[in-house]
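Me: Could you help me look at the aromatic rings in this one? I'd like to go through it slowly.

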Amino acid sequence: QVQPVESGGGLVQAGGSLRLSCAASGRTTNYYATGWFRQAPGKEREFVAAITTGGATFYTDSVKGRFTISRDNAKITVYLQMNSLKPEDTAVYYCATKGTLGRVTTAASYNYWGQGTQVTVSS
C-alpha cells in the first residue's frame, strides 16, 4: 500500500514554472509506478506523466518538452517539474500509485489516489 499526497500547486503566470511533489506513505512492498493525472472543469481526467520503479517515463503529447517527471528513491517521492506553463494546463493535478506490472497511462490501472492540488495558469 502506497498512499500518495500531492503538494506544490498554485497560481502562476503563463510561461512560468511549478514543481509538484507526490510523497508516499504507508508500506511500499507492492509498488510499481506513480502517475500524474489532471482534470479541468467540464473535462475528463487525463493522463499527464508516469514513472516506473525501473525508471521508465511516459508523457502525454501536450506536455512533452515542457514537463519532466522524476523520482527520489531515498524518500520515495515523485516530482513533476512543469515549465513554460500555458493557460490550458490549468486543472486539478492528481498523483496515483499502482502495485502491479501493466499499463501506466490509464487511470483505472491505479490503486491509490491523492486528493489533488490546484494549478492555475493566468494569461
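**Aromatic rings and their neighbours**

Reply: In this predicted model, one aromatic cluster is formed by F37, F47, Y110 and W113.

Me: Ok, and how many aromatic pairs does the structure hold?

Reply: There are 4 aromatic pairs in the structure. One of them joins F37 and W113, whose ring centres are 5.1 Å apart and whose planes meet at 50°, so this pair is tilted.

Me: Where in the chain are F37 and W113?

Reply: F37 belongs to strand β4, which covers residues 33-39, while W113 belongs to strand β10, residues 112-113, so the pair links distant parts of the chain, 76 residues apart.

Me: Is F37 buried or exposed? And what about W113?

Reply: F37 counts as buried because its relative accessibility is 1%, under the 20% cut-off, whereas W113, at 24%, counts as partly exposed.

Me: What about the rings of Y110 and W113, how are they arranged?

Reply: Their centres lie 6.2 Å apart with the planes at 65°, and because an angle over 60 degrees counts as edge-to-face, the pair of Y110 and W113 is edge-to-face. Y110 itself is buried, with a relative accessible area of 6%.

Me: Switching topic to charges: which ring does the charged end of R45 sit over, 3.9 Å from its centre?

Reply: That ring is the one of Y94. R45 also lies over the face of W113, at 4.9 Å from the ring centre, and W113 is a member of the aromatic cluster we began with.

Key:
Residues are numbered from 1 along each chain as its sequence is written. This is a predicted model: local features need pLDDT of at least 70, side-chain atom pairs count only at pLDDT 80 or more; totals for chains, interfaces and linings use all residues. Side-chain values use heavy atoms; hydrogens and water are left out. Rings of Phe, Tyr and Trp (its six-membered ring) pair if their centres lie within 6.5 Å; planes under 30 degrees apart count as stacked, over 60 as edge-to-face and the rest as tilted. Helices (H or I, at least four residues) and strands (E, at least two) are DSSP runs, numbered from the N terminus. Buried means under 20% relative accessible area, exposed over 50%, partly exposed in between (1.4 Å probe, protein chains only). A charge sits over a ring if NZ of Lys or CZ of Arg is within 6 Å of the ring centre and within 35 degrees of the ring normal.
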